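Let's walk through this model together, starting with its open spaces and ending with a pair of helices.

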Amino acid sequence: MKTVLDGEIDAIVFAYHGAPLDVLGPHVKDLGAGRQAVAIRAFRPLEAQVWVVAKDDPTQSTAMQKLNDVGFFEAVFADSAEIFPYYLHLVGHDGSEVDIEDPYAYPLQLTEFDLHLLGEGTHFRTYEKLGAHLRTVAGVQGVHFAVWAPNAERVSVKGNFNQWDGRTHPLQLRGQLGVWELFVPGLVQGEVYKYEIKSRYMGFTGDKSDPYGVYAERRPNTGSVVFDIEHYEWGDDDWAANRRQHNALTAPMSIYEVHLGSWQRAPETNDFLNYRDLAHKLAAYVKKLGYTHIELLPVAEHPFDGSWGYQVVGYFAPTSRFGTPTDFMYFVDHLHQNGIGVILDWVPAHFPKDSHGLAYFDGTHLYEHADPRRGEHAQWGTNIFNFGRNEVRNFLISNALYWLDKYHIDGLRVDAVASMLYLDYGREGGDWLPNQYGGRENLEAVDFIRRFNEQVHKEFPDVLTMAEESTSWPLVTRPGYVGGLGFDLKWNMGWMHDMLDYMEMDAVFRRFHHHSITFSLMYAFSENFILPFSHDEVVHLKKAMVTKMPGDDWQRFASLRALYAYMYTHPGKKLLFMGGEFGQWHEWDHDHSLDWHLAESGLHKQLQQFVADLNHLYQSEPAMHQVDFSWEGFEWINFHDIDKSIIAFERRAADSNQRLVVVCNFAPVPRSGYRVGVPFAGFYTEVFNSDAVPYGGSNVGNNGGVPSDPIAWDKRPHSVLLTIPPLGVVILKTPAQEPVISAPDA
């Protein structure tokens with residue numbers, strides 16, 4: 001007896017049936033004349049025989065009839081209308097035998113409400129529904145697979161469990177949205193899998209990694225790996241309870257930017273270290289040097305080491321180069337327990353064209369724009385996300401929330417924001433399409449960025465978002481409801497380029513470019529800025545930080561100390577890429593560890609100590625960090641001493657009686673008897689001198705401080721007479737003042 005139509009058999013066998021649960025598994029069939037039967041069907045192209053075995057009585061087994069040569073089997077239990085629990089006993093062509101649960105005997109797991117939210121782009125916990133999740137269904141453990149592929153004719157999951165045969169486990173299509181799902185019983189953590197996607201168009205069939213996969217094989221392999229990320233026991237409750245204070249805009253924020261693959265490696269083999277080893281080494285080092293946060297170059301899975309992580313294939317998977325997802329959780333947890341925040345570089349602007357990734361996912365341009373004038377970054381060889389599509393926005397916003405939720409990340413630095421904002425970014429004349437109003441602004445990307453920031457701050461109000469944005473786009477760090485993009489902080493690329501251009505000049509010529517060190521204060525409070533010296537400035541023949549500086553070795557290190565001291569006293573939060581803190585000679589090489597032997601002696605060790613002391617001073621002095629984004633925290637004393645290449649200014653805390661006076665000399669000539677106006681009478685303590693002997697300096701300074709004179713200078717009632725070191729910065733603390741108390745009402 002056969003209860004299934006030949007057309008349905010063919011659709012299963014030739015892999016174009018979108019609803020295999022309608023055919024496979026158990027079904028109650030009406031035989032007519034009031035008779036019913038239970039029909040159980042299976043498509044097992046790799047087996048010679050298949051038996052249905054009743055779970056309640058394993059002695060009751062029924063051989064399934066093979067309805068065609070390809071491997072479609074059916075067993076019909078006449079005069080029965082009750083589906084009973086069973087398993088399948090498989091006999092291979094080689095005589096091997098195995099028992100399996102039938103995937104098509106289990107119900108679908110996604111609800112109609114899940115699908116509705118996915119369709120409108122508001123299911124921001126999509127990572128809990130799509131992807132591969134260990135589940136227990138009807139008392140049986142297995143893995144639930146779900147993937148979005150609306151233009152697929154058939155989607156299958158395959159792996160070692162079915163000998164990588166895409167015919168064996170086709171997924172069920174759920175409605176018009178294009179989500180496919182299947183529960184496969186018996187699978188466990190560690191199973192490697194891919195989706196085989198047969199498109200409706202162009203005859204495309206391809207193997208794809210899971211867009212929502214939480215773990216991936218180590219490159220060059222490209223499979224996704226089933227992994228349980230739900231049961232790590234976090235120990236960072238104290239950090240979480242106080243994160244709002246750590247991430248406050250009034251708090252000190254000194255960020256150490258790190259590429260995990262080259263910060264340190266195994267010395268003998270040059271192999272990568274595990275996340276757990278890195279956690280202990282990095283936490284101890286960062287804590288010693290006084291940084292408040294680290295920022296990791298992208299850790300999401302990427303196939304090519306040379307992309308530094310910026311060409312992401314597995315958006316939900318910490319790269320397996322350094323261990324498992326729980327190893328990465330341990331990494332974040334350990335840093336938190338040592339009082340260090342963790343920021344991730346996040347890359348929503350583009351993705352690579354690797355065949356196993358998001359590109360041309362279901363035989364169509366699903367995640368990317370189809371028109372290359374909007375869908376490709378030719379200069380990077382990557383695709384651009386279609387920010388106007390609900391499901392794509394949902395994917396990206398869910399991904400951002402995933403890192404904050406599952407990995408306790410403290411901030412997201414969004415890469416290449418400028419490339420998202422402008423339709424003509426990196427393009428010539430006719431290579432781009434204007435927006436609906438004829439402009440160059442990418443309105444869909446602007447809307448996405450605002451939604452991203454709104455959702456992040458709604459669900460994680462104590463987390464920071466940061467924009468790497470290199471243009472003059474207005475209101476980047478202002479809320480969306482006033483027309484802003486909604487970021488908390490923006491990298492000050494203008495300050496960075498001006499300062500590096502200035503410092504690379506021979507000191508003789510600096511007097512002609514004095515504006516380079518003062519111009520940033522014209523716009524310093526238009527946004528909430530971070531001052532970065534990032535990885536991009538020490539690669540591609542740009543030279544390492546110390547070798548950018550002119551002169552002999554002493555002058556180079558003195559100039560670098562002066563640059564860092566100005567950075568720390570200038571308004572804005574701070575970021576420095578690894579290696580810059582001890583003056584590595586060579587450009588950064590992502591394939592090798594930093595040259596740690598340099599930090600063991602000489603000027604390199606002294607620079608490292610300088611950075612540590614500067615970080616600790618920065619944290620301990622409210623005037624250096626409390627009022628970074630308003631004129632109330634800064635005032636020029638003298639910015640027009642062009643001939644001597646000297647500037648002087650005040651930094652102020654929220655209590656304006658707490659002040660520092662900063663004097664920077666960017667010439668290699670000491671200046672004695674240099675008068676500087678000061679706000680108060682009293683003794684001015686020299687709390688920091690970049691030219692001190694422990695830092696490799698010449699020890700030109702002010703013997704711990706100087707008293708003020710009742711001589712008006714620089715439009716101030718008092719002044720001090722200073723000795724300013726060559727290529728040096730001195731920081732003076734104002735004498736303590738009584739708080740101002742208003743007179744009582746009469």
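A pocket here is an open set of points on a 1 Å grid over the protein atoms alone, where a 1.4 Å probe fits, with protein on both sides within 12 Å along at least five of seven lines; lining residues have an atom within 4 Å of a point. Points are joined across faces, edges and corners, and a volume is the space filled by probe spheres set on them. The model is predicted: local features need pLDDT of at least 70 and side-chain atom pairs pLDDT 80 or more, while totals for chains, interfaces and linings use all residues. Residues are numbered from 1 along each chain as its sequence is written, and side-chain values use heavy atoms, leaving out hydrogens and water.

The largest pocket holds about 570 Å³ of space. Its lining has 24 residues, with Trp380, Asp415, Ala416, Glu468 and Asp536 nearest the centre.

Now to the helices: the axes of α2 (residues 112–120) and α8 (residues 390–406) come within 6 Å and cross at roughly 100°. Axes are lines fitted to C-alpha atoms, for helices over the stretch in contact, with angles from 0 to 180 degrees between N-to-C directions. Contact means heavy atoms within 4.5 Å; Leu117, Leu118, Gly119 and Glu120 of α2 make it with Asn390, Glu391 and Asn394 of α8.

Note on methods. Helix = DSSP H or I, 4+ residues; strand = E, 2+ residues; numbered from the N terminus.
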